[in-house]
Amino acid sequence: MSSLHAQQRRHIDDILRYADGGYRPTVSPGDAMIARSWKRCIEEYGLDPARPRPARIVTHQTLREHQESADEFLNVARAGVEQLYGQIARLGYVLLLTDQRGITVQFLGDRRHDQRLRQAGLYLGADWNEYHAGTCAVGTCIREGKALTCHRQDHFDATHIGLTCTSAPITDPQGRLLAVLDISALDSAPTRDSQNFALHLIRLYARMIEDAYFLRLYRHHTVFRCDTSRELVQVNGQYLFALDGDGRVLAANGVGRHLLARARTDDGDIALPEMFDCDARDIWSIPYACEDQVRAFRVQALGSTLFGSLIEPRRPARPAAPQALIPEEAVPELDRLAADDPAMRRTLKLAKRLRQRDVSLLILGETGTGKEVLARAIHDAGPRRHKPFVAVNCAAIPESLIESELFGYSPGTFTGARAKGMRGLIQQAHGGTLFLDEIGDMPLTLQTRLLRVLAEGEVLPLGSERPISVDCRVIAATHRDPARLIADGYFREDLYYRLNGATLRLPALRERADKQHVIISVMDQLARAVGQPRLQLRADAMSALLACPWPGNIRQLVNALNFAEATCDGEQITVNDLPEECLAQVIGPGTTPATTEDDDDGDPQRAGLLSILKRHHWMISAVARELGVSRPTVYRRMRKHGLTPPNQRDG
């Protein structure tokens with residue numbers, strides 16, 4: 001006991017020296033909240049550290065009044081409070097839930113320590129307002145509005161230096177303080193770092209209770225819930241927005257309010273479609289338009305994708321919004337190109353509107369993103385669908401031949417020409433669509449001739465004196481930046497504006513929120529091409545494909561799946577069947593994983609194979625090259641000897 005008194009005496013001296021300006025507290029280095037609280041205790045409240053105050057427990061009548069004023073909130077919070085206590089009780093913690101004034105309106109603790117807990121103020125009805133109790137987790141949380149740990153000597157009152165307390169605020173949908181959730185222990189480890197997990201846990205449960213109360217208050221409104229994870233959004237969506245019938249935000253939870261603050265450009269209200277860069281129908285149609293009732297949205301304020309779902313009201317509370325609920329026109333040729341990626345959704349929506357018009361289109365996107373596929377889909381969905389679709393890769397045709405290929409030539413124009421001449425690709429596209437891929441690589445001299453064709457609707461074959469009328473829709477595409485090409489003098493500005501009646505942008509595969517849909521679609525196409533049922537993708541293979549950065553985009557994905565289908569042994573593709581470049585996120589180069597099997601079990605063949613696998617860091621292609629066998633043979637030998645790649649082992 002004398003040791004405790006000595007610690008208390010030293011603590012009082014430290015605070016007095018701090019008040020005189022001659023001491024900087026070191027109990028919480030860098031924690032400005034504790035320092036500010038000490039200052040408030042001395043300068044605002046006039047508390048004397050040499051005269052500790054006993055715990056203040058309010059009367060039963062006062063406690064009842066505080067509980068009744070928070071009755072609806074307590075009904076919601078009770079389940080979360082009891083669940084949290086079930087996790088911390090055996091670690092020696094008690095749990096307090098206080099109202100916004102710091103009065104403990106709910107308490108859970110071990111009754112065997114009842115007397116000590118009551119004496120320390122860890123009890124029902126205890127007043128932990130900073131004005132009375134000094135620096136403490138609850139009171140300082142109320143003043144600062146942030147979660148914190150007040151550990152041992154962080155407390156202002158010397159009688160509290162044995163306690164460790166961690167608190168987090170709970171706010172209402174308008175951001176006003178509702179309550180404080182706190183877990184405390186009479187005895188704890190000396191270091192403040194020992195409470196890091198307690199701080200994480202208290203923040204988690206405070207948010208859960210806050211969100212549950214939000215859903216309770218707005219149970220008669222539609223709530224839009226979103227998260228960074230598609231799989232978790234319906235069970236643990238971080239962002240909650242209560243909506244009116246026009247999609248305007250009535251209220252939001254804590255993280256939702258932060259997002260609103262970043263998205264709002266003035267003091268007015270903001271509609272969810274504005275923040276998520278979508279139409280109202282994209283939100284209202286989620287329950288019936290998406291198979292998993294989840295849709296991806298691009299959030300400009302975050303520069304990233306969030307996945308959203310709707311929580312329908314318990315009874316109708318919003319007026320019907322017929323315009324918002326009118327299903328968007330189905331265009332199968334275009335709809336099959338994407339699921340719910342926001343960028344693709346915008347591109348396809350514009351493509352649907354333009355497919356019936358002869359507007360020249362410019363498709364921009366990285367190599368392999370499917371520019372020709374989109375162009376063909378627009379052609380197939382438009383009025384020219386029964387006419388030719390002629391694709392020209394301007395980067396693949398030799399410069400010496402591109403003019404004759406595009407414009408054709410008359411008989412006898414040059415040595416080696418066909419006796420009857422040749423209709424150029426532009427003329428072959430008459431009545432249909434001319435797709436000029438990689439238009440940014442077209443020579444400047446030919447750009448001038450192409451501009452004349454587009455402007456006059458006529459093509460003059462080489463060696464001919466009479467132009468031929470052509471009627472075709474032109475869709476151009478490039479992976480390069482047209483503005484940069486024009487600035488550098490490699491592309492005619494007037495041709496750019498002639499081609500760019502509208503711009504359609506294709507996102508890179510690594511940026512798409514619907515990568516799984518793309519993977520399955522490619523597998524379906526490959527199966528149809530060979531007239532066989534689609535193979536199944538095992539979960540480990542799907543995870544590897546989703547994690548791959550795909551620098552070659554969909555073209556690289558097609559090649560990878562072709563390879564996997566050719567090398568897999570059964571009707572299921574596993575991670576072992578994928579090309580090495582797909583495994584970069586699963587087994588990184590330069591690592592030497594250990595095996596769970598004994599290296600030496602008396603089998604020299606097994607030991608030799610294991611040695612080679614380790615030397616090549618389990619890169620199967622390298623092992624196959626060294627052994628002079630195929631990859632499937634290596635896999636068969638691995639299965640025979642019970643050797644499993646480290647990334648596929650349980651645990």
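**Close-up views of the predicted model**

**View A. The largest pocket of this predicted model has a volume of about 1100 Å³.** A pocket is an open set of points on a 1 Å grid over the protein atoms alone, where a 1.4 Å probe fits and protein lies on both sides within 12 Å along at least five of seven lines; lining residues have an atom within 4 Å of a point. Points are joined across faces, edges and corners, and the volume is the space filled by probe spheres set on them. The lining of the largest pocket comprises 38 residues, and those nearest its centre are Arg230, Cys290, Ala338, Ala339 and Asp340. Helices α12 (280-284), α13 (286-289), α16 (342-354) and α23 (515-530) each contribute at least two residues to this lining, with α16 giving the most, namely five residues. By class, the lining of the largest pocket holds 15 nonpolar, five polar and 18 charged residues (nonpolar: Ala, Val, Leu, Ile, Met, Phe, Trp, Tyr, Cys and Pro; charged: Asp, Glu, Lys and Arg; polar: the others, Gly among them). Residues are numbered from 1 along each chain as its sequence is written. Local features need pLDDT of at least 70 and side-chain atom pairs count only at pLDDT 80 or more, while totals for chains, interfaces and linings use all residues, and side-chain values use heavy atoms, with hydrogens and water left out.

**View B. The second largest pocket has a volume of about 700 Å³.** Its lining is made up of 29 residues, and Leu337, Gly370, Val373, Gln525 and Ile554 are those that lie nearest the centre of this second largest pocket. Two or more residues of this lining come from each of the elements α17 (371-380), α23 and α25 (553-567). The lining of the second largest pocket divides by class into 10 nonpolar, eight polar and 11 charged residues.

**View C. Glutamate 144 and arginine 40 form a salt bridge, with their closest N and O atoms 3.2 Å apart.** Glutamate 144 belongs to helix α7 (residues 137-144) and arginine 40 to helix α2 (residues 32-43), so this pair ties together parts of the chain that are 104 residues apart in sequence. Glutamate 144 is buried at 18% relative accessibility, and arginine 40 is likewise buried, with a relative accessible area of 9% (buried means under 20% relative accessible area, exposed over 50% and partly exposed in between, for a 1.4 Å probe and protein chains only). The structure as a whole holds 29 salt bridges (a side-chain nitrogen of Lys or Arg within 4 Å of a carboxyl oxygen of Asp or Glu).

**View D. The side chains of arginine 216 and glutamate 72 are joined by a salt bridge at 3.8 Å, N to O.** Because arginine 216 lies in helix α8 (residues 196-217) and glutamate 72 in helix α4 (residues 71-88), the pair links parts that are 144 residues apart in sequence. Arginine 216 is partly exposed, its relative accessible area being 32%, and glutamate 72 is also partly exposed, at 35%.

**View E. Aspartate 524 meets arginine 534 in a side-chain salt bridge of 2.6 Å, N to O.** Aspartate 524 sits in helix α23 and arginine 534 in the loop between α23 and β20 (536-537), so the parts tied together by this pair are 10 residues apart in sequence. Aspartate 524 counts as partly exposed at 26% relative accessibility, as does arginine 534, whose relative accessible area is 30%.

**View F. Asp279, Asp282, Arg295, Arg345 and Lys349 are linked in a network of salt bridges.**

**View G. Helix α24 (residues 539-547) carries the buried residues Ala541, Met542, Ala544 and Leu545.** Viewed down the axis of α24, the buried residues fall within an arc of 160°, so they line one face of the helix (the arc is that of the directions from the helix axis to the C-beta atoms). The elements covering the buried residues of α24 include α23, β20, α25 and β21 (572-573).

**View H. Alanine 70 lies in the loop between α3 (60-69) and α4.** This alanine 70 is buried, with a relative accessible area of 16%, and its C-alpha atom is separated by 8.4 Å from that of leucine 178, which is 108 residues apart from alanine 70 along the chain. Of the 651 residues of the chain, 50% count as buried. Among contacts (heavy atoms within 4.5 Å) between residues at least 6 apart in sequence, 66% join residues at least 24 apart.

How values were computed:
Helices (H or I, at least four residues) and strands (E, at least two) are DSSP runs, numbered from the N terminus.
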